[in-house]
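Work through the exercises below with the model open. Each one gives a task, followed by a solution in steps.

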Amino acid sequence: MKQYTKTYRVLVENSISYMAQYRKDTWIKFATNALWLAMLALTIEVIFSFTPELGGWERHEVYLLTVFWLIADEIFVMFFGGNITELPNIVTDGKFDLYLVKPISPLFLVSTRFFSLNSVWRLGIQMIILAWLGLRFDFTASVWHIALAPLLILCAVAIDYSIVLMLNTLSFWFHRIDNVNDLWQVAHDLGKYPVSVLPKTLKIFAFTLVPIAFSGYVPAAVLTGHWPLYGAALAVGAAAMFLLAAISFFRFAQKHYSSASS
Amino acid sequence: MNKYLKITGNNAERHLAYRFRMMVWIIVDILQFVMFPFIWLSIFSGRADIAGFTKEDIVTYYVVAAFVALAAHSHVSRITRMDIMEGGLNQWLTKPINYYLQNMFRELGYKVIAIFLILAVTALAYLALPNYIRLPQAVSTIFIFLLFLVPAYLIAHLIEFLIGIASFWIGETGALSNIKSIINTVFNGKLAPIHFFPPLVQLAAGILPFQYLGYIPAQIFLENISGPDIARHALIALLWVAALGTFAALAYRRGLRAYEGVGI
């Protein structure tokens with residue numbers, strides 16, 4: 001554990017040093033992110049200009065769902081975003097050999113190589129928005145609800161990580177599949193809205209094969225009382241299951257890896 | 001012209017060699033539109049229409065908007081940026097071929113296959129949901145709608161090309177591409193038909209060219225725009241093509257003066 005902590009600290013320091021060279025880029029990404037948040041808010045306002053509720057969710061609840069989605073997504077991007085998506089290139093170029101010869105888990109290196117400092121600032125803004133939502137609207141959340149919220153967001157991050165890892169692990173067998181990350185990103189983006197608007201079949205998909213419901217819908221549903229507290233157990237169970245499946249699949253792929261050589 | 005059509009054919013063959021990859025791109029382009037019909041349908045609950053759109057109109061709108069997005073969407077900014085930054089542009093400067101046209105005809109290779117596939121998917125959607133998709137009453141509407149795909153493609157391609165050649169001066173254009181993507185999402189009618197938005201947003205949409213990448217063609221298909229308004233929009237779309245084309249040509253020529261061709 002000590003070895004992993006020390007290694008991760010070095011990786012984070014390297015990432016910060018790298019990002020420090022691109023300060024202008026940080027400001028540009030900040031501005032882009034602000035524009036994107038404004039677009040999300042505009043979307044919600046346009047929808048609610050025609051209705052007082054969406055799939056049983058009121059405006060402030062949909063805002064909460066969106067913010068939870070943003071926070072979960074940002075945490076994933078911060079720690080894993082730019083890393084696992086590089087796996088197809090690493091495998092195709094034969095660079096995975098270098099990961100195998102190091103005295104540390106290849107999965108750890110593949111997952112944590114780069115730490116996104118920009119995500120820290122964006123996460124800060126999102127937490128401020130969350131705090132403002134909490135103070136501005138009465139969510140009648142108990143202490144249990146508030147305690148569960150971070151756990152549910154972590155479950156969302158775990159599920160997102162698992163899906164992205166499983167998709168990119170396919171690169172051990174298939175070439176040129178880097179665009180599966182775009183596919184998951186688009187599907188994942190749909191989780192910003194209440195999945196209760198979907199028909200039954202698609203709702204089942206949203207909780208199983210394409211688990212977009214866990215990013216924002218489940219945490220917000222538990223916090224707002226749309227789901228009972230024990231609904232959180234579903235999220236924890238799903239996260240554990242997906243994580244186990246993803247790690248097992250990666251280890252299976254690793255055993256069948258034959259170097260591409262250079 | 002033969003050489004450009006050859007490029008289209010070569011690129012179509014290349015995409016057919018990587019069928020899975022191409023299918024993924026098509027699904028990515030369509031999937032962005034999946035949630036919104038359900039959002040708006042859930043709002044109806046007993047109402048006859050929302051801002052003049054019936055349930056059939058809203059589903060048809062998004063199916064058509066997805067079709068137009070697929071037909072108009074261009075990937076040329078990424079290719080152009082890489083060519084400029086890695087020196088790949090050098091080979092095109094020494095060939096008797098126009099760089100912009102070769103990019104456009106290369107993109108057409110993907111479009112030709114993608115449009116056939118999306119037409120098949122749309123036909124399946126119509127067979128599965130005949131009560132939710134409304135076809136135009138006049139055959140001429142379909143013809144006019146298809147004609148509007150041409151300026152839609154040209155406008156999208158020129159905007160992407162302009163972002164790509166910004167690399168001559170600023171190198172990495174990721175942020176510019178993201179900003180364009182956000183503005184495009186709002187003003188092409190993907191989030192909602194533009195007349196659902198507040199008046200200020202509608203005014204901005206009327207000034208910008210993005211409405212021709214989704215909203216206007218979809219409204220023509222729904223026969224919500226007809227006669228003189230179609231002619232007016234056709235003229236505006238063509239003016240945008242001319243303006244963007246002129247600007248792109250001038251910017252490209254200017255950029256070549258700054259180009260060093262060494263790769264970054």
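Predicted model: local features only at pLDDT ≥ 70, side-chain atom pairs only at ≥ 80, totals over all residues.

**Exercise 1.** Describe the contact by residue count, polar pairing and class.

*Solution.* Step 1: count the residues. Chain B contributes 32 residues and chain A contributes 28 residues.

Step 1: look for charge pairing and polar contacts. There are 0 salt bridges between chain B and chain A, and 2 residue pairs are in polar contact, both at pLDDT 80 or more.

Step 2: locate the elements. On the side of chain B that touches chain A, helix 2 (19–31), helix 3 (35–44) and helix 10 (174–187) of chain B each supply at least two residues.

Step 3: sort that side by class. It has 25 nonpolar, 4 polar and 3 charged residues.

**Exercise 2.** Which residues touch the most other members of the largest nonpolar core, and what is Phe96(A) in contact with?

*Solution.* Step 1: the core has 173 residues, and Phe96(A), Ile39(B), Trp40(B) and Phe196(B) touch the most other members. Helix 3 (residues 59–84) of chain A gives this core its largest share, 15 residues.

Step 1: set aside the neighbours of Phe96(A) within four places in sequence. The remaining contacts of Phe96(A) are Leu87(A), Ile90(A), Val91(A), Pro106(A), Val110(A), Phe172(A), Phe250(A), Gln254(A) and Tyr257(A).

Notes. Residues numbered from 1 in each chain as written. Chains lettered and ligands numbered in written order. Heavy atoms only, no water. Core = buried A, V, L, I, M, F, W, Y, C linked by side-chain atoms within 4.5 Å. Buried < 20%, exposed > 50% of the residue type's maximum accessible area, 1.4 Å probe, protein only. Helix = DSSP H or I, 4+ residues; strand = E, 2+ residues; numbered from the N terminus. Contact = heavy atoms within 4.5 Å. Salt bridge = Lys/Arg side-chain N within 4 Å of Asp/Glu carboxyl O. Polar contact = N/O pair within 3.5 Å; in protein donor to acceptor, adjacent residues only side chain to side chain. Nonpolar A, V, L, I, M, F, W, Y, C, P; charged D, E, K, R; others polar.
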